[in-house]
Amino acid sequence: MATDSEAAKLELFRQWLKVNGAELRGCKIKYCNSSKGFGIFSSDDVPDGLFLVVPLDLAITPMRVLEDPFIGPECRSMFEEGQVDDRFLMMLFLTVERLRKNSTWKPYLDMLPNEFGNPLWFTDDELLELKGTTLHRAAELQKKNLKSLFDDKVKKLAERLLILDGNPESEVRFEDFLWANSIFWTRALNIPFPRSYVFPQIQLEKDITISDAPVGSTSHVSTENLVNGESGKILQTNNSASQEGETIWVEGLVPGIDFCNHGLNPAATWEVDETGSLSGTPFSMYLSSAGNILQGEKDISISYGDKGNEELLYLYGFVMEENPHDYLMVHYPMEAISDVPFSETKVQLLEAQKGELRCLLTRNLLDKGFFSERNFPEGTSNKGFNYSWSGNRKMPSYINKLVFPEEFLSALRTITMKENELYQVSSLLEELVGSGGKTQPSETDVRTAIWEACGDSNALQLLVDLLNMKMMELEEGSGTEESDAKLLEIAQNEKRQDINFGENETLDGKIGLTTSRNRWASIVYRKGQKELTRRFVKEAEHALHLALSESN
């Protein structure tokens, strides 16, 4: 239930959208709960399957920052001096606009959350819930880097801009910049702007032309391209001729669209309408039905992408139980290579094959493994080759059940190679390219030679060691997978017992009476990491057993 204050903010925001040309056609914006904030909900009447239409002029983008009558000239100057980039421009703009007393963006900014569920906003005790995970180290490093950026650059720049606006007494705090950073990462979309919108006035004889671009081509433009040194103009937004179908990808916030929550089965998608033929509004973004029939007042979700809980929690501040897109990051530390025998030669081989020292082990890989819980037809090898050069090494029987990426396994083979195996690889590659050495072996050639010389056993043993080490770090940091399951069961029971909880409601940011939402999200995430580690250890150990039995 929204408070009177939240209801007043919402009404001002609706009026602001309407004045600026946005249309809520088949939807309404309403308060969800304390964890989700405001969301977009369907209404009974959805004309043409369109829920919402927002003019691109309302989007906050690097171009919009440069056009801003207040901070645009100063930001352009800073950009030309190399002090800021695209994303920094956006975050600086959000930091300053939040503190301006008469910001024209106030109705929108007031609707945005003040706190977030990502680890940057965790208390020290909550952050300890992530100990032993990749996310714990990443969050600590990110917050440290953001604090340094704020102290070295943001505070002085933002306060200088506020002084220009007649607010010399405004103090810019680190929390203001942290807020702007979180707003950007939780709400920004990668928008395919029509080139005719981004470059509305371009002469064909200038360096920036569109006549040379193929029809339907796509490019990415940074702010450097948007500040045309020859014309000396900030971009304008009136129409001009353009190469039909060409788009330029720019990150930006689209008020209204950005209130959609994430769903595994999204109810809507968003598109850009250059001509207005679909939405009735040229140069607009519209939210349309994804084909799912919504009856009554339902949350209109979109997809943020196929993201695991690690990425969802790090960027957006939430997790999904039983996330089908969850993954495990495994890596061999680059600095450790210097301690292995023949490290210089091995580094050269890694470079020649573009070896990967880290890999993402996604949950769906397990579907085709030795212990798959689903019935799949026999897969194919991921090695990229299915023969032995010398005929001395047989292709392993388990090759089509091996779930680990070949690029990563090849790197591990390289790291574990013995002296005689290095000589054999060198001999095989010399034989391939000839004594003259005029041609270079391909990446596949190098990987094939390494497998021919080494087989799989040592690489799989190293992989088992890396996975076991990861499990040890996870369990030392926060206990076992079983203990996490019990904590989640306790939280769920508390939630059921409290009659004040709605279907997806929280009370003061809690799931149950003793578990904060941040702590709950941390437990869900780390339990998923332990489950995936356990299952991939089992796959690696079985593959190792088979490799040893086949002398591979």
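Which residue just after α12 takes a positive phi? In the predicted model described here, local features are considered at pLDDT of at least 70 and side-chain atom pairs only at pLDDT 80 or more, whereas totals for chains, interfaces and linings use all residues. Residues are numbered from 1 along each chain as its sequence is written, and side-chain values use heavy atoms, with hydrogens and water left out. The residue in question is Lys354, which adopts a positive phi of about 50° just after α12.

The protein chain contains 18 helices and 15 strands, where helices (H or I, at least four residues) and strands (E, at least two) are DSSP runs numbered from the N terminus. Of its 552 residues, 49% count as buried, a term that denotes under 20% relative accessible area, with exposed meaning over 50% and partly exposed in between (1.4 Å probe, protein chains only). Among contacts with a separation of 6 or more, 76% are made by residues 24 or more positions apart, a contact being defined by heavy atoms within 4.5 Å.

Ser343, Lys346, Leu349 and Leu350 of α12 are buried, and they lie on the same side of the helix because they cover an arc of only 120° around its axis, the arc being that of the directions from the helix axis to the C-beta atoms. The buried residues of α12 pack against α13 (406-416), α14 (419-433) and α15, while the face turned away from the buried side carries the exposed residues Glu344, Gln348 and Glu351.

Lys354 also takes part in a salt bridge with Glu443, in which the closest N and O atoms are 3.5 Å apart; a salt bridge here is a side-chain nitrogen of Lys or Arg within 4 Å of a carboxyl oxygen of Asp or Glu. Lys354 counts as exposed at 55% relative accessibility, whereas Glu443 is partly exposed, with a relative accessible area of 30%.

In the whole structure, 27 salt bridges are found. One of them joins Asp151 to Lys147, with 2.9 Å between the closest N and O atoms; the two residues are 4 positions apart in helix α7 (residues 134-164) and are therefore separated by about one helical turn. Asp151 is partly exposed at 40% relative accessibility, and Lys147 is likewise partly exposed at 34%. Glu406 and Arg413 form a further salt bridge through their side chains (2.8 Å, N to O), and both of these residues are buried. Salt bridges also link Glu129, Asp484, Arg519, Arg526 and Lys530 in a network.

Glu531, located in helix α18 (residues 517-549), is buried with a relative accessible area of 15%. Its side chain is joined to that of Arg363 by a polar contact of 3.1 Å, a polar contact being a pair of N or O atoms within 3.5 Å, of which, within protein, one must be able to donate a hydrogen and the other to accept it, and for which residues adjacent in sequence count only if both atoms are side-chain atoms. When residues up to four places away in sequence are not counted, Glu531 touches Arg363 and Glu481. Thr95, in helix α4 (residues 86-99), is buried at 0% relative accessibility, and its side chain reaches the backbone oxygen of Met91 at 2.8 Å. Leaving aside neighbours within four places in sequence, Thr95 is in contact with Ala158, Val172, Asp176, Phe177 and Ala180.

Among the strands, β2 (residues 27-33) is largely enclosed by the rest of the structure, because 5 of its 7 residues are buried. Strand β2 pairs with β3 (residues 37-42) in the antiparallel sense over 6 bridges, pairing of two strands requiring that DSSP find at least two bridges between them. Within this arrangement, Tyr31 stands opposite Phe38 in β3.
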